[in-house]
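Colleague: Please take me through this model region by region, and tell me which cut-offs stand behind each term.

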Amino acid sequence: MKTLTRETLPAVLGAALVLCPMQAGAAGRDYISIVGSSTVYPFATVVAERFGRDSGFKTPKIESTGSGGGLKLFCAGVGPRHPDMSNASRRIKKSEVERCGANGVAVIEIKVGYDGIVIANGAGAPDFKLSLRDVFMALAKEVPAGGEITASPNRTWNDVRAGLPDTPIEVLGPPPTSGTRDAFVELAMEGGCQWFPQIKALKKSDKARYKTICHTMREDGAYVDAGENDNLIVQKLAANPRALGIFGFSFLDQNRDVIKGIAVDGVAPQFDSIADGSYPVSRALFVYVKKDHIGVIPGMAEFIGEFLGERAAGEDGYLADRGMIPLGDAERAEMQSRIGDLTVL
């Protein structure tokens, strides 16, 4: 497998590229259209800016729609009316792959890096230290109480655990369409479920009930759906010292003057703790690419080549400077080969 660079790309793609079902003359668009994750958005945006400046291709247009919303648009069909790529802060679901297939969309999955999901508060707010158990007990719609699993009675952090502040639970976070929300529920909420044997036992006896308990967030105001704009959550935390927020690590990394990260299970959200897997709320980031648009919409393979290239995705690349945790060399080479070989799911 040849390393995918701007110089080697034509040779790598030459034998594999098939312009079907779209024909080059019918492309109708001379720029790349990208939708999807608000977490991947800032990374994709800086890659797009560098790419537009240096490659000779037009700068891609990127919309922050959330992972679920982006994949819905992406999977709707082939042709210039539909996006070419979709960013996602969680892996594509089986149902989404099936929807893509039903609409003739052949999907190439590219992992671009790793990220931590951060719980944070304002820089001047009281210090918090939370366990996954605390997170579940604070934010789950149903929790163990009085020997039963019932609607959460917890109104303050002190209700969750003695020693936490006696202030109302108020957590701003992403909506159901967000990959950050999906990953947070799977990693943090379900992680907290594991503390309770009576819930854990349901995983074998009643999997649907187990998932409902572990994955359903409160709807009584303790958890506030703040939309797909993570920068808005940062602004609200700076203004409200009692509130906590949930978003990707890069937003913490770029706003440490106004917010601070909260340790989870004794591990602070830092670049190194996410990279080595010790921070418990970490996930992979993806870009999904429409195979049949490669070679039709100008610059698609070259854009992914920039995203995975050394200057962007290397250990000292500009994406690491912005908070993305880079792939290892072997994993990055595997992702490069998927574009070079047009390997679909």
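Colleague: Which side chain places a polar atom 3.0 Å from the backbone nitrogen of threonine 39?
Modeller: The side chain in question belongs to a residue in the loop between strand S1 (33–36) and helix H2, where helices (H or I, at least four residues) and strands (E, at least two) are DSSP runs numbered from the N terminus. A polar atom of that side chain also lies 3.1 Å from the backbone nitrogen of valine 40; a polar contact here is a pair of N or O atoms within 3.5 Å, one able to donate a hydrogen and the other to accept it, and residues adjacent in sequence count only if both atoms are side-chain atoms. The residue that provides the polar atom 3.0 Å from the backbone nitrogen of threonine 39 is serine 37.

Colleague: What kind of model is this?
Modeller: Residues are numbered from 1 along each chain as its sequence is written, and side-chain values use heavy atoms, with hydrogens and water left out. Local features need pLDDT of at least 70, side-chain atom pairs count only at pLDDT 80 or more, and totals for chains, interfaces and linings use all residues, since what you see is a predicted model.

Colleague: Is serine 37 buried or exposed?
Modeller: Leaving aside neighbours within four places in sequence, serine 37 is in contact (heavy atoms within 4.5 Å) with Ser64, Gly66, Ser67, Asn87, Ala88 and Ser89. On the scale used here, buried means under 20% relative accessible area, exposed over 50% and partly exposed in between, with a 1.4 Å probe and protein chains only. Serine 37 has a relative accessible area of 2%, and is therefore buried.

Colleague: What is the relative accessible area of asparagine 87?
Modeller: Asparagine 87 sits in strand S3 (residues 85–88). Asparagine 87 is accordingly classed as buried, and the computed relative accessible area is 1%.

Colleague: At what angle do helix H2 and helix H14 pack?
Modeller: The residues of H2 that meet H14 include Phe43, Val47 and Phe51, and among their partners in H14 are Phe303 and Phe307. By class, this contact has 7 nonpolar, no polar and 3 charged residues, where Ala, Val, Leu, Ile, Met, Phe, Trp, Tyr, Cys and Pro count as nonpolar, Asp, Glu, Lys and Arg as charged, and the others, Gly among them, as polar. Axes are lines fitted to C-alpha atoms, for helices over the stretch in contact, with angles from 0 to 180 degrees between N-to-C directions. The axes of H2 (residues 41–54) and H14 (residues 300–308) are 10 Å apart, and the angle is about 115 degrees.

Colleague: How wide an arc do the buried residues of H11 cover around the axis?
Modeller: In helix H11 (residues 230–239), the buried residues are Asp230, Ile233, Val234 and Leu237. Their arc, taken from the directions from the helix axis to the C-beta atoms, puts them on the same side of H11, while the face turned away from that buried side carries the exposed residues Gln235 and Ala239. The buried residues pack against elements that include strand S4 (107–122), strand S10 (244–248) and helix H12 (249–253).

Colleague: With which side chain does the side chain of threonine 156 make a polar contact?
Modeller: Threonine 156 is found in the loop between strand S7 (148–151) and helix H6 (157–160), and is buried with a relative accessible area of 14%. Not counting residues up to four places away in sequence, threonine 156 touches residues that include Thr167, Pro168 and Ile169. The polar contact of its side chain, at 3.5 Å, is with the side chain of aspartate 166.
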